[in-house]
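Please keep the structure open while reading.

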Amino acid sequence: MAKVRVALAGVGNVASSIVQGVFYYKDAPEDSKVPGLMHVKFGPYHVGDIEFVAAFDVDERKIGKDLSEAIFSPPNCVPKFAEVPKLGVEVQKGPVLDGVAPHMRDFRYGEGFRVDDDRPSVDVADVLKEAGADVLVNLVPVGSYQASRAYAEAALEAKVGFVNGIPEFIVSDPDWGARFEAAGVPAAGDDFKSQLGATILHRTIAKLAVDRGLKVRETYQLNVGGNMDFLNMVEEERLKTKRISKTEAVTSLIPYKVGVRIGPSDYVPFLGDRKVMYVWLVAEQFGGFPVYIDVKLSVMDSPNAAGVAIDAIRAVKLAKDRGLAGPLVEVSSYFFKHPPRQFPDDEARRLVEDFISGGK
Ligand SMILES: NC(=O)c1ccc[n+]([C@@H]2O[C@H](COP(=O)([O-])OP(=O)(O)OC[C@H]3O[C@@H](n4cnc5c(N)ncnc54)[C@H](O)[C@@H]3O)[C@@H](O)[C@H]2O)c1
């Protein structure tokens, strides 16, 4: 049976949820419905066909450990929901570059990353080649401009498919897209659109208002959480691209200018991996009267992205099998907030179904 050989860059909560998710659902019947996966069997690949072959991090509490142990090492805080056997994959030190913000290094807010400054980093492309990886998933912190591009370069060099889970505009950037195409490497991104998260809910509300002929005036989306992703984004300069990615995901559905404020809003340590989101929208109805929509959503943050990640990984592997190269436009539009091209979600889903069944 063919496998999907996966390498992970960043062994944080999302990586933990991906690895745990594969073991949680590895024996799911092919015709069953798993919440958060498009299909238990995506093309020829069952969720249990995913194998982890390499992992990179920079935190001394994770480097040198087996991946099955590192996913439960602090500061990770997603609860354990699956038994993960020893995987025989040692977490290796990746290039630090700008992956760790100053406020995450000096523990000024209580938690942070403990960078292993003593060990040299490995050559990521060499490790990918040796491990025979099919797909590399970028899961480093928001604001990692250089680190994300270093992993993308390594994927190009090793001819390994690339899934960009974070809001660094690589797959959606025409120059990078052309490089992936020229190298014969498929890629999907950027920035996972979670199963039922703030983005998809906000998009649905905005689209409903537009479709019903309301005139949207103003809308905001505030998000709080207690994991390292939220702590990293406490500093505004770290989250520029996250704001753009989250904002465009909503405003792309409203065909005129509105007052808008969308983004991560605060770190609340005792929430752990729980994320709470508030969406507010005001629109004008017939007669000029205001309509107010005020919604609160609370989810486990990283499992919310992990099912989407598992589908995107299998889509990239499928594209690789079929000799496709460059940005996967339809796949990126369905699974990511900032794709090369935005489609409405129902259309994007249909296009991905076509892709699975052998279309583009
Ligand atoms: N629902 C979601 O959780 C969701 C949705 C969309 C996107 N994302 C994005 O996915 C990424 C991962 O999220 P997370 O919750 O796992 O974050 P996290 O902070 O728990 O994990 C990030 C990991 O990357 C490591 N790291 C830092 N610099 C590195 C480098 N240069 N090389 C390798 N590893 C490095 C850290 O030590 C840490 O283990 C974030 O950018 C996040 O914004 C998450």
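The points below are grouped by topic, and they describe a predicted model.

**Sheet of four strands**
- An open sheet with mixed pairing is built from 4 strands in the order E10-E9-E11-E12.
- Its edges are formed by strand E10 (259-267) and strand E12 (290-300), each of which pairs on one side only.
- Neighbouring strands of this sheet are turned against each other by 10 degrees on average, with direction ignored.
- Within the sheet, strand E9 (residues 215-225) pairs with strand E11 (residues 274-284) in the antiparallel sense, over 10 bridges.
- Glu 218 has Val 282 in E11 standing opposite.
- Helix H10 (residues 301-321) packs on the sheet and touches E9, E11 and E12. The direction of H10 makes about 85 degrees with that of E12.

**Helices H7 and H9**
- Helix H7 (residues 198-211) packs with helix H9 (residues 240-251) at an angle of about 30 degrees, and their axes are 8 Å apart.
- Because angles under 35 degrees count as roughly parallel, H7 is roughly parallel to H9.
- The crossing in which H7 passes H9 is right-handed.
- On the H7 side the contact involves Thr 199, His 202, Arg 203 and Ala 206, which meet Lys 246, Ala 249 and Val 250 in H9.
- The residues of the contact of H7 with H9 comprise 3 nonpolar, 2 polar and 2 charged.

**Helices H4 and H5**
- Helix H4 (residues 124-131) and helix H5 (residues 145-158) cross at roughly 45 degrees, and their axes come within 8 Å.
- That angle makes H4 oblique to H5.
- H4 and H5 have a right-handed crossing.
- From H4, Val 124, Ala 125, Leu 128 and Lys 129 meet Tyr 151, Ala 154, Glu 157 and Ala 158 of H5.
- The contact of H4 with H5 holds 6 nonpolar and 2 charged residues, and no polar ones.

Note on methods: Residues numbered from 1 in each chain as written. Predicted model: local features only at pLDDT ≥ 70, side-chain atom pairs only at ≥ 80, totals over all residues. Pairing = 2+ DSSP bridges. Helix = DSSP H or I, 4+ residues; strand = E, 2+ residues; numbered from the N terminus. Axes fitted to C-alpha atoms, helices over the stretch in contact; angles between N-to-C directions. Contact = placed C-beta atoms within 7 Å. Parallel < 35°, antiparallel > 145°, perpendicular 65-115°, else oblique. Left-handed = near helix turned anticlockwise from the far one by under 90°. Nonpolar A, V, L, I, M, F, W, Y, C, P; charged D, E, K, R; others polar.
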